[in-house]
Amino acid sequence: MKIIVCVSLVPDSTTKVKVSDNKKSIDDAGVSYILNPYDEFAVEEALKLKEKYGGEVIAVSFGTDKAKEAIKKAFQMGADKGVLIKSQSSDFDSFNVAVNLSEYLKGQSADIILFGKQSIDFDGLLIPSMVSELINLPCISVVVKLDIENGKVIAEREVEGGKEIIESQAPIVIGTQKGINEPRYPNLKSIMAAKSKPIEETPAYSNENKIEIVEMKLPPAKTSGKIFTNGKDDVSELVRLLREEAKVI
Amino acid sequence: MSNKILAFVESKDGNFKNSAFEVVAEANKIASETGSELIVMAIGSDIESQAKSLAEYGANKLLIADLNEINSKSSVSVFKYSPSSFSKVISEIAKTHNANIVILSATSLGKDIAGRIAIRTGSAVFNDCTDLKITDGKITATRPVYAGKSLIEIKSNSGNLLITLRPNVFKPHKTGETDIDVEKIDIGTLNLTESDFSSVVKEIIVSNEKLDVAEADRIVSGGRGLRGPENFTLIENLAASIGGATGASRAVVDAGWRPHSEQVGQTGKTVSPSLYIACGISGAIQHLAGMSSSKCIVAINKDKDAPIFQIANYGIVGDVFEIIPALTDEFKKVMAK
């Protein structure tokens, strides 16, 4: 089974965001970058499929040289090969990423293409479905359970208030959601093995953005409000304020 | 420039969802500010009789594609929904009506089809928007990124536009209109084929009929301060007393106390209800990111220095095991009035 997992590098979720001087991106100073947490589920699912059916797991990322860190993390978890679609610019929107990944994927004949359902930076949720549309494959995203048997795919997809059971066929694009598996921690052996795995590079296919950031800003600061310290004796006053002042109940 | 706007609205069990009114009202606002025409479309069965409810928010033309008719084009059985057929139907209607703007809600369904429609119609995507404004006849949108830790204002330089609105953010106002022209879409002209049913929903599993945090207007969340999964009945009872949903911090989800579908925060759901009550949650930065845009935040925590108090509108420092039951009783009294 040829399994491709698309990965990206994002600021750690503990990052306190500051806006950079150009007011279009975040200030990078002191920010540590990690493999997108949702991509960890995708890599884990890819490895489980390989363990069950054999084949290889290829980690692919679109971005500047920095994106290699995401591929290396996938190597440490156990991915076999890595490909960087190298962008000259670090300014790209979901459409740009989807087109570049699609151009690469078109020549690959993968049986399954996995993504994290979204990256935790721009939270778009667009890329898996855009890619599927561009390469003409079915797509199921926000997947919390995946079964593939003889090319038949049964997936559970999380929706408001429940789950949809979806039936489809491989080759297919899947977007993984938290809950699908428990991503493995790299062990010393896999960390050592990762060091010798080369990352193949291919130049970007396109550099077209459809949207432009006019300005990035911080949300209005919240000031702390009325804090009571008498425990349950303050409950009736709190409820009165919620009703009469905040008017939310 | 005058636009032609297509607004796609969702229905459930024969009624339009709340998100439908949000979409229609906002699309109507954009249409009137830019002198554009608005067409509303829905995919469903038995919703024609509800058309007037959309008229009240500014829809005066509604196109309905019959769901059973769409699904009859598939050789495999479809339970309600297939993303590719929905995407195709909406894209084809946008094309045949020369709509250059498509607006829908960023619900699970909306997020599932937005990328597909954007590719099919060659549109730039403004997704999960929390504000739209018109400057010199062009639309710019605001959307949260980094789970709400920052906001970006975006514009597009390409022609077509697909906009998804974050549910629960846009408050729909009634226009007082009641007239609406309803037209049935001729499915035969859309050339649906087997390939438009490449993935289909076979079944929907409803989780205990509970209200989802992503849709709720009131949320009560619990964290590690609850000490164990058995104590979450306190959170559930408090939520029930105000008709709200239950949420959870990442710590208790990772500990297996609560399902991940309840997780609020950067690797969970980003929510902005009218009322958010955080119980026994200290307020890690990734949790705050997911809920700090809530209109009114109430924090209950024994540690007066917990970061959650810095963003709370109201707070009580104290024991959650005493305060939650008292608050539940008080809410019940007030709600009964």
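Which strands of chain B does helix α1 (residues 18–34) of chain B lie across, and at about what angle to β8(B) does the helix run? In this predicted model, in which local features need pLDDT of at least 70, side-chain atom pairs count only at pLDDT 80 or more, and totals for chains, interfaces and linings use all residues, helix α1 of chain B lies across β8 and β9 of chain B and runs at about 5° to β8(B). Residues are numbered from 1 along each chain as its sequence is written, while chains are lettered from A and ligands numbered from 1 in the order in which they are written. Helices (H or I, at least four residues) and strands (E, at least two) are DSSP runs, numbered from the N terminus; axes are lines fitted to C-alpha atoms, for helices over the stretch in contact, and angles run from 0 to 180 degrees between N-to-C directions.

The strands β8 and β9 of chain B also belong to an open sheet of four strands, in the order β12(A)-β10(B)-β9(B)-β8(B), with antiparallel pairing, where two strands pair if DSSP finds at least two bridges between them. Its edge strands, each pairing on one side only, are β12 of chain A and β8 (131–135) of chain B, and the twist from one strand to the next averages 30°. Within this sheet, β8(B) is joined to strand β9 (residues 138–145) of chain B by five bridges in the antiparallel sense, with Lys138(B) in β9(B) as the bridge partner of Thr135(B). Strand β12 (residues 211–217) of chain A pairs with strand β10 (residues 150–156) of chain B over six bridges, again antiparallel, and Ile211(A) has Ser156(B) as its bridge partner in β10(B).

Between the two chains, 77 residues of chain B are in contact with 67 residues of chain A, two residues being in contact if their C-beta atoms, placed from the backbone, lie within 7 Å. On the side of chain B that touches chain A, helix α5 (residues 108–121) of chain B gives the most, with nine residues. The residues of this side divide into 34 nonpolar, 26 polar and 17 charged, where Ala, Val, Leu, Ile, Met, Phe, Trp, Tyr, Cys and Pro count as nonpolar, Asp, Glu, Lys and Arg as charged, and the others, Gly among them, as polar.

Parallel pairing is found elsewhere in chain B, where strand β4 (residues 37–44) and strand β5 (residues 61–66) pair over five bridges, and Gly44(B) stands opposite Asp66(B) in β5(B).

In chain A, the axes of helix α2 (residues 68–77) and helix α5 (residues 188–195) come within 7 Å and cross at roughly 135°, which makes α2(A) oblique to α5(A) (angles under 35 degrees count as roughly parallel, over 145 as roughly antiparallel, 65 to 115 as roughly perpendicular and the rest as oblique). The contact is made by Lys72(A), Phe75(A), Gln76(A) and Met77(A) of α2(A) together with Ser190(A), Ile191(A) and Ala194(A) of α5(A), and these residues divide into four nonpolar, two polar and one charged.

Two backbone features of chain A lie in loops. The peptide bond from Ala170(A) to Pro171(A) is cis, with omega near -5°, and Pro171(A) is found in the loop between β9 (162–169) and β10 (172–176) of chain A.  Asn136(A), a residue other than glycine, has a positive phi near 60° and is found in the loop between α4 (127–135) and β7 (139–149) of chain A.
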